[in-house]
Amino acid sequence: MTCLIKGCNFVLRNIPHEVFAYQKDSDTEFRFQTNHPNIFPYLLVNIGSGVSIVKVETEDKFEWIGGSSIGGGTFWGLGALLTKTKKFDELLQLASKGQHTNVDMLVKDVYGGAYQTLGLSGNLIASSFGKSTTADKEFSKEDMAKSLLHMISNDIGQLACLYAKLHNLDKIYFGGFFIRGHPVTMRTITYSINFFSKGEVQALFLRHEGYLGAIGAFLKGAEQDNPNQYSWGENYAGSSGLMSTSPDVYPMQRTRSGTFDMLEMDRLERPLVNLPLLKDPSTYIPDTVDLTDDAMARKYWLTCFEEALDGVAKRAAASQPDSIDALQRAEKFRQKYWNKLQTLRQQPFAYGTLTVRSLLDTREHCLNEFNFPDPYSKVKQKENGIALKCFQSVIESLDSLGWEERQFALVKGLLAGNVFDWGAKAVSDVLESEPQFGFEEAKSKLQERPWLEDSYSQWLERLKEGPPHKCALIFADNSGIDIILGVFPFVRELLSRGTEVILACNSGPALNDVTYSESLIVTERIAAMDPVIQSALREEKLLLVQTGSSSPCLDLSRLDKGLAVLVRERKTDLVIIEGMGRAIHTNYYAALKCESLKLAVIKNSWLADRLGGKIFSVIFN
């Protein structure tokens, strides 16, 4: 039982889309829930051979409050006696084809219709297996299995609901290995809980329901290593996803018992926490578009990632010219990611809510699996070298401008730098074919003002009228021109105003995004040329930190603890998020407690069209 609770707490804390509600008739049957920062208290209904009902109040405090001898073993045992089918999955398959109304007596069978005075609909089951007492015919195995599944699921749902009410709990998680992502079971339990609680309590299911005890046992065995001090992330390359809702759709994939073959988790080096400046962490959703819901967007982005795949595989192989098996590994990567994309076409819910971020992260995980941790390393080094050579002339031309002119030039520089994104096909095509494409060319690509979303006048007004910010937190995007000629001049201006700056870069590589270790080298090179940056580093007014992420997107609820501590200590009152991945695919709607700037250049024509603009339109919020 201790292992079970440990496992449940672990998945609730560490797997962002672990929990889902089941809705039968909506386009997406699985409604994934965002992780609430506070997971307690909750009721865990563990359906194994019997049913255990456990109230969980803290990491270590839980109480077995009840249960039932009528559980998964009952369904299996009675089902075997009724149908002569010995295999659990085969019983579920029979049930999915059955018609329970042939066996069950309904309210309308007793009263001729609904029982209005009691508020009971005619289709409600009045008596499970009730028709078998009066009928002289044989009932089909399918119908009996369906009736039995309904009977046991309804019973468990009612019990769970009564215990939840008794203990004032509104979250019920179902675990054990009875449910197995089976739609009839989830639908019946959901209906039962909704019916008996009059909609006040929600039935919640877990993607890894059958593995809670095993995960808990692993954690218990690793206690001397204190697994709770780390954060963990699901590795999409190694994990198989939630299978199709219907066993008929993919019978081949269900040859092994249950919905899961493999769960792979990466232990992250440092704990991850919420950004302290999030307005309401419990309602924060990083992603802008839910592709599980939006079929058009899903089709577009899956195709987009498919079309980019050959280029990514080529780039990966080219990044390791001295390796004899680089081409073979790149091909294995290509095959693996292609297969993931095909799975997601059929089952978009496989890993939780499908988003552009999860597609990007899956690609990074697959690259890592075949030992391509940083396919863009050579590109980044080259672009950093080119940009560093231009740094002083860019600063001189900025310093020659009047104050107001300079503010606009700085923002324009920040936007132009953001054009250099190898993750965007429209840009990588240009960078491949026109090696001389540089900072000035990028500026000429930008949309003229008024921009697609344009709060520049408010920003200028704020700088003119308001006091300098105490401390700005900047989430940087790309290496090369972006960070060196776009971000650093902007940082320099903030420092000159008396604002301290925390520059946050990815902990690990993703596309051509700048990493924390690269930012240290770049900053040292810039400081050697620029006294403003040099003295800010020396006086700790410019601080470089890692985000805890290795993704081209940004989840503000999973950031490095050191970053969160610094944000608090320095009383940060301005957050700047730049780039399409961090400010449009994620955090477009993120609400913060302080002032923020979200800016990006849209380098994808479909997305631009969706937002009502053209390619290279500017978002400045």
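Modeller: We will take the labels one at a time. Keep in mind that this is a predicted model.

Biologist: Why is α2 called roughly perpendicular to α3?

Modeller: Look at the angle. Helix α2 (residues 72-83) and helix α3 (residues 88-97) pack at about 75°. The label covers 65 to 115 degrees. The angle falls in that range, so α2 is roughly perpendicular to α3. Their axes are 10 Å apart.

Biologist: Which residues in α2 meet α3?

Modeller: Gly72, Phe75, Trp76, Gly79, Ala80 and Thr83. On the α3 side they meet Phe88, Leu91, Leu92 and Leu94. This contact divides into 7 nonpolar, 3 polar and no charged residues. Gly counts as polar here.

Biologist: What makes β2 and β5 edge strands?

Modeller: Read the order of the open sheet of 7 strands: β2-β1-β9-β8-β3-β4-β5. β2 (30-32) and β5 (62-68) each have a single partner strand, so one side of each has no neighbour in the sheet. From one strand to the next, the twist averages 35°.

Biologist: How do you know that β4 and β5 pair?

Modeller: Count the bridges. Pairing needs at least two. Strand β4 (residues 51-56) and β5 have 6 bridges, in the antiparallel sense. Because 6 meets that cut-off, they pair. Ser52 stands opposite Gly67 in β5. Helix α1 (residues 2-14) packs on this sheet, and its direction makes about 120° with that of β3 (42-47).

Biologist: What joins β13 to β20?

Modeller: 2 bridges, with the strands running parallel. The cut-off is at least two, so they pair. Asp454 stands opposite Phe620 in β20. Their sheet is also open, with 7 strands in the order β13-β20-β19-β18-β14-β15-β16. β13 (453-454) and β16 (542-546) are its edge strands, each pairing on one side only. Helix α12 (residues 403-417) packs on the sheet, touching β18 (574-578), β19 (595-601) and β20.

Biologist: Which residues have the most contacts inside the largest nonpolar core?

Modeller: Leu359 and Leu503, in a core of 99 residues. Members of a core must be buried, under 20% relative accessible area. Helix α16 (residues 481-496) gives the largest share, 10 residues. Leu503 touches several residues, including Ile474, Phe488 and Leu544.

Biologist: How many residues are in the second core?

Modeller: There are 42, in a separate core that includes Ile65, Leu148, Ile156 and Ile172.

Definitions and conventions: Residues are numbered from 1 along each chain as its sequence is written. This is a predicted model: local features need pLDDT of at least 70, side-chain atom pairs count only at pLDDT 80 or more; totals for chains, interfaces and linings use all residues. Side-chain values use heavy atoms; hydrogens and water are left out. Axes are lines fitted to C-alpha atoms, for helices over the stretch in contact, and angles run from 0 to 180 degrees between N-to-C directions. Helices (H or I, at least four residues) and strands (E, at least two) are DSSP runs, numbered from the N terminus. Angles under 35 degrees count as roughly parallel, over 145 as roughly antiparallel, 65 to 115 as roughly perpendicular and the rest as oblique. Contact means heavy atoms within 4.5 Å. A nonpolar core is a set of buried Ala, Val, Leu, Ile, Met, Phe, Trp, Tyr and Cys residues joined through side-chain atoms within 4.5 Å. Buried means under 20% relative accessible area, exposed over 50%, partly exposed in between (1.4 Å probe, protein chains only). Lists of a residue's contacts leave out its neighbours within four places in sequence.
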